[in-house]
Amino acid sequence: MATSNATFVTALTAAALATVGFLAYQAAATVPTRTAAGSTSAAIASKVPRDKLDPAALPPGSGAGERVVYSLDDNRVWLVASGDHVIRTFEVTPGTIDPAPGVYEVTSRSNSVTGTDGIPIEHVVRFTSVDGVVIGFSAAVREAGAGATAVPTGGIRESRRDGDAMWGFATIGARVAVIH
């Protein structure tokens, strides 16, 4: 009798775990994707209108508060203080892998490393990854030829001067809004 009770309890436990696992899977499948900052990417996923008279103007609807705004379509960054005051804006050169539109947080920084393309870089500010490729802002220490490697890169390159400004502004936990 003890063997049949143990078998019954084991089968009941397995069925309960399978049910809980299935319900957890269903719940996870219906939750919107969230970024590191915890906000849904749909909040700023649509194309944000631009000021046609001033293409360097901060796009409306790019978020609120202190943040870095990165436009995928314009290859431009804005460093924004509270009150939507733009401290600096500059053009960048994207890597081969783009982050999805959304709001992220700076997760790590490195003063000086070698990029995945083999080029020495400085002031690396990382905020997400896509399929194992880390995405972040960086400045090449010296001029380098394009196409140094076929490795996918997530490095969003800026000038050294702009990299210095990003380094001073985007500390760990700073918000990065990625827009189209």
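Arg67 counts as buried here, at 2% relative accessibility (buried is under 20% relative accessible area, exposed over 50%, partly exposed in between, with a 1.4 Å probe and protein chains only). This is a predicted model, so local features need pLDDT of at least 70 and side-chain atom pairs count only at pLDDT 80 or more, while totals for chains, interfaces and linings use all residues. Residues are numbered from 1 along each chain as its sequence is written, and side-chain values use heavy atoms, with hydrogens and water left out.

**The chain as a whole**

- The chain has two helices and nine strands, where helices (H or I, at least four residues) and strands (E, at least two) are DSSP runs numbered from the N terminus.
- Reading from the N terminus, the order of elements is α-β-β-β-β-β-β-β-β-α-β.
- There are 180 residues in the chain, and 33% of them count as buried.
- Take the contacts with a separation of 6 or more: 52% of them are between residues 24 or more positions apart (a contact is heavy atoms within 4.5 Å).
- The accessible surface of the chain is about 10,000 Å², and carbon and sulfur atoms make up 59% of that; the areas come from the Shrake-Rupley method with a 1.4 Å probe, and for residues only the protein chains shown count as cover.

**Salt bridges**

- The model has five salt bridges, each a side-chain nitrogen of Lys or Arg within 4 Å of a carboxyl oxygen of Asp or Glu.
- Back to Arg67: its partner in a salt bridge is Asp84, with the closest N and O atoms 2.9 Å apart. Arg67 sits in strand 1 and Asp84 in the loop between strand 2 (76-81) and strand 3 (85-91), so this pair ties together parts that are 17 residues apart in sequence. Asp84 is partly exposed, at 39% relative accessible area.
- Arg157 and Asp117 meet in another salt bridge, at 3.2 Å from N to O. That one links distant parts of the chain, with Arg157 in strand 8 (residues 155-158) and Asp117 in the loop between strand 5 (108-114) and strand 6 (120-130), 40 residues apart. Both Arg157 and Asp117 are buried.
- Glu122 and Arg160 also form a salt bridge, and their closest N and O atoms are 2.7 Å apart. Here Glu122 comes from strand 6 and Arg160 from helix 2 (residues 160-169), 38 residues apart. Glu122 is buried at 14% relative accessibility, whereas Arg160 is partly exposed at 39%.

**Aromatic rings**

- Three aromatic pairs turn up in the structure. Rings of Phe, Tyr and Trp (its six-membered ring) pair if their centres lie within 6.5 Å; planes under 30 degrees apart count as stacked, over 60 as edge-to-face and the rest as tilted.
- Tyr70 and Phe137 make an edge-to-face pair, 5.8 Å centre to centre with 85 degrees between the planes. Since Tyr70 is in strand 1 (residues 67-71) and Phe137 in strand 7 (residues 133-140), the pair ties together parts that are 67 residues apart in sequence.
- Tyr70 is buried at 0% relative accessibility, and Phe137 is buried at 0% too.
- Tyr70 and Phe137 belong to one aromatic cluster with Tyr104 and Phe127.
- Elsewhere, the charged end of Arg109 sits over the ring of Trp167, 3.7 Å from its centre. For that label, NZ of Lys or CZ of Arg must be within 6 Å of the ring centre and within 35 degrees of the ring normal.

**Helix 2 and its two sides**

- The buried residues in helix 2 are Asp162, Gly163, Met166 and Phe169. Looking down the helix axis, they fall within an arc of 130 degrees, so they line one face of helix 2; the arc is taken from the directions from the helix axis to the C-beta atoms.
- Exposed Arg161 and Gly168 are on the face of helix 2 turned away from its buried side.
- Cover for the buried residues of helix 2 includes strand 1, strand 2, strand 3, strand 6, strand 7 and strand 8.

**Val106**

- Val106 is in the loop between strand 4 (102-105) and strand 5, and is buried at 2% relative accessibility.
- Gly173 is 67 residues from Val106 in sequence, yet their C-alpha atoms are 4.9 Å apart.
- Leaving out residues up to four places away in sequence, Val106 touches Val125, Arg126, Phe127, Ala170, Thr171, Ile172, Gly173, Ala174 and Val176.
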